[in-house]
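Hi there,

Here is the structure I promised to pass on to you. Have a look at it first, and then read my notes on its aromatic rings below.

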Amino acid sequence: MSAYVYESNGQNGMPSKQRAANGGHSQRNSVDDYMMPEEEWEREAVLDPAWERQQKKTFTAWCNSHLRKVGTSIENIEEDFQNGLKLMLLLEVISNEQLPKPDRGRMRFHKIANVNKALDFITSKGVKLMVGAEEIVDGNLKMTLGMIWTIILRFAIQDISVEEMSAKEGLLLWCQRKTSPYKNVNVQNFHTSFKDGLAFCALIHRHRPDLLDYSKLTKDDPLSNLNLAFDIAEKHLDIPKMLDAE
């Protein structure tokens, strides 16, 4: 998952890309730095086009991986949550809890009421939200993406722990342990360590050696390695393809 990362360094949360342009630290676009709550997203900051495309695609795929369980999906993430109905449904699926009955009217106040029911549910789980229902109803892409990332953090990542580590640290340790026997794999982080695709393939091979022949893979063909891993994961392991190899 690529990300437009905001890091607090006493400069009013200046985006890392802007700091790099101003002679600051180099650009960092990794999930390592992206584990921050939604309230740190700046409303006025301009979305980087490449980041926007990737986040829309990735978050849409994540939402659909859950919505498909109840026979529906979204196509345009900033539009399909505007009336609040699929947002409420998504929260019910991932939480296994029932939300209040939605308003079925089509007027703006009905949409705002439904989105507020969804946001109230998220807040009830101890999450501090800075997004307003009107921003979701009006199709504010940045705030919609921030909201979805908050949902992912709360319902898919936050409760994971390994040996009292955070979710990110625990997952990294798990990857390191699982891939340690494999040649040409040295997992140190969640950006450069996975670029050639071998770490993904090693994780698959460690659990399902029947699905691929790791000995035939080479670091010199990262796109093929990544596509192989993503295709196998989707076809045989029921893991949605949320990223492009590129």
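Searching the whole structure, which is a predicted model, turns up six aromatic pairs. A pair of aromatic rings is described by two things: the distance of the centres and the angle of the planes.

Let's begin with Phe59 and Trp149. Their ring centres are 6.1 Å apart and their planes are at 0°, so this pair is stacked. Where do Phe59 and Trp149 sit in the chain? Phe59 belongs to helix α2 (residues 49-67) and Trp149 to helix α6 (residues 141-157), so to speak two distant parts of the chain, 90 residues apart, that the pair links. Both Phe59 and Trp149 are buried.

Tyr182 is in the loop between α7 (167-179) and α8 (198-207), while Tyr214 is in the loop between α8 and α9 (222-236). The pair therefore ties together parts that lie 32 residues apart in sequence. Tyr182 has a relative accessible area of 13% and is buried; Tyr214, at 10% relative accessibility, counts as buried too. The cut-off behind both calls is under 20%.

Two more things to look for:

- Phe190, Phe194, Phe200 and Phe230 together make up one aromatic cluster.
- Arg154 has its charged end over the ring of Phe155, 5.3 Å from the ring's centre.

Enjoy exploring!

Best wishes

How values were computed:
Residues are numbered from 1 along each chain as its sequence is written. This is a predicted model: local features need pLDDT of at least 70, side-chain atom pairs count only at pLDDT 80 or more; totals for chains, interfaces and linings use all residues. Side-chain values use heavy atoms; hydrogens and water are left out. Rings of Phe, Tyr and Trp (its six-membered ring) pair if their centres lie within 6.5 Å; planes under 30 degrees apart count as stacked, over 60 as edge-to-face and the rest as tilted. Helices (H or I, at least four residues) and strands (E, at least two) are DSSP runs, numbered from the N terminus. Buried means under 20% relative accessible area, exposed over 50%, partly exposed in between (1.4 Å probe, protein chains only). A charge sits over a ring if NZ of Lys or CZ of Arg is within 6 Å of the ring centre and within 35 degrees of the ring normal.
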